[in-house]
Amino acid sequence: MLIEAKALKYWLDNFYGYGSWHARFWFVGYEEPGGDVPEEVAEKLNYFYNLQESNMDTLCDIRQLYNHVEFRLDGPRAERFTNLNDQRFGSHATLHGGWKNLIAFVHGYQNQKLPDLLTYQKNSFALPSPPKEALIPLFPLPAHNHAWYYAWLELPQFPFLKSRALYEDYIYSKRINRILKNIIVYKPEVVLMYGMDNINLLKKSVQEFFPSARFKMVKAIKREIPQHHRADLNGTALLITTQIPALRHNRVEKGFDWYEFGKLLKGR
């Protein structure tokens, strides 16, 4: 299956993530993982292109999109899952290593007891309605930080795809401006930007959009709270951190307690 120019352009221009802009909690990741299997990317792009929502202010329903993306990993799990929806939201779903900590963050912030994480992921996480969490990639194309597969596309009308740096330079201003504008419009309670490696650029963009914004750097507490930068934007707590909510290399000593992170944020 080929990645088609019209579907790719539509995704780049209109895809901002999953859930709802009306959600209280926006989780802004650097990008969605993937990109190494062109068929998987094409299935996502084609579904979104064919959807053609009349109101493109909406975010995508992750369960519906995942229903249209084939599960391609080999091994024992291949027999259990037909598509990505089966993998994350079906009767035999597996817990996502990052989402479980975002769920914990939300419950810590609300001072609520942790639910069964897998049950919450399957039935509640990032639903369009009722809106609670939104998953918003800063950069729209699925990609891995160690490789850039889009350079091989034979699409001369997209010269910026020849390198990750060109792509990010091309995409960044429009994306961050839309996200910041929507903070004003929708007034989320918390916006957590995680896994960011462009902290200074992000802070500059925020302060250009919100001239009165002042960032405070909060130091890490080992295995509890990740180092992060915080600004309060007219009722929205914006947090920016380089840390991701999953264990790096599955090493506990490199992780943090995202439930306690949420509790700390609410207590300030």
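Two strands are said to pair if DSSP finds at least two bridges between them, and strands (E, at least two residues) and helices (H or I, at least four) are DSSP runs numbered from the N terminus. In this predicted model, valine 190 stands opposite alanine 237 in β6, and β3 and β6 pair in the parallel sense over 4 bridges. Because the model is predicted, local features need pLDDT of at least 70 and side-chain atom pairs count only at pLDDT 80 or more, whereas totals for chains, interfaces and linings use all residues. Residues are numbered from 1 along each chain as its sequence is written, and side-chain values use heavy atoms, with hydrogens and water left out.

- Strand β6 is largely enclosed by the rest of the structure, because 5 of its 5 residues are buried, where buried means under 20% relative accessible area, exposed over 50%, and partly exposed in between (1.4 Å probe, protein chains only).
- Both faces of β6 are covered, with Thr236, Leu238 and Ile240 buried on one side and Ala237 and Leu239 buried on the other.
- Strand β5 (residues 228-233) pairs with β6 in the antiparallel sense over 5 bridges, and the bridge partner of leucine 233 in β6 is threonine 236.
- β5 and β6 form a hairpin with 2 residues between them, and asparagine 234, in the loop between these strands, is exposed, with a relative accessible area of 66%.

**Threonine 236**

- Threonine 236 lies in strand β6 (residues 236-240) and is buried, with a relative accessible area of 1%.
- The side chain of threonine 236 reaches the backbone oxygen of proline 188 at 2.5 Å; a polar contact is a pair of N or O atoms within 3.5 Å, where within protein one must be able to donate a hydrogen and the other to accept it, and residues adjacent in sequence count only if both atoms are side-chain atoms.
- Not counting residues up to four places away in sequence, threonine 236 touches Ile183, Lys187, Pro188, Glu189, Val191 and Ala231, contact meaning heavy atoms within 4.5 Å.

- Strand β1 (residues 25-31) and β2 pair in the parallel sense over 6 bridges, with phenylalanine 25 opposite glutamate 133 in β2.
- Strand β2 (residues 133-139) is mostly covered, 7 of its 7 residues being buried.
- Methionine 196, found in the loop between β3 (190-194) and α8 (199-209), counts as buried at 1% relative accessibility.
- Although methionine 196 and valine 28 are 168 residues apart along the chain, their C-alpha atoms are separated by 9.2 Å.
- Leaving aside neighbours within four places in sequence, methionine 196 is in contact with Val28, Gly29, Tyr30, Leu138, Leu202, Ile240, Thr241 and Thr242.

**Helices**

- In helix α1 (residues 5-14), the buried residues are Ala7, Leu8, Tyr10, Trp11, Leu12 and Asn14, and what covers them includes α2 (38-51), α3 (62-66) and α7 (164-186).
- Helix α5 (residues 99-109) is mostly covered, with 10 of its 11 residues buried, among them Trp99, Phe105, His107 and Tyr109.
- Serine 205, found in helix α8, is buried with a relative accessible area of 10% and touches Tyr172, Ile176 and Leu180, not counting residues up to four places away in sequence.

**Backbone geometry**

- Most residues other than glycine have a negative phi, and most peptide bonds are trans.
- The peptide bond from serine 129 to proline 130 is cis, with omega near 0 degrees, and proline 130 lies in the loop between α6 (117-123) and β2.
- Arginine 223 has a positive phi of about 60 degrees although it is not a glycine; its place is in the loop between β4 (216-218) and β5, and at 45% relative accessibility arginine 223 counts as partly exposed.
- Asparagine 234 likewise has a positive phi, of about 55 degrees, although it is not a glycine, and asparagine 111, which follows α5, has a positive phi near 55 degrees.
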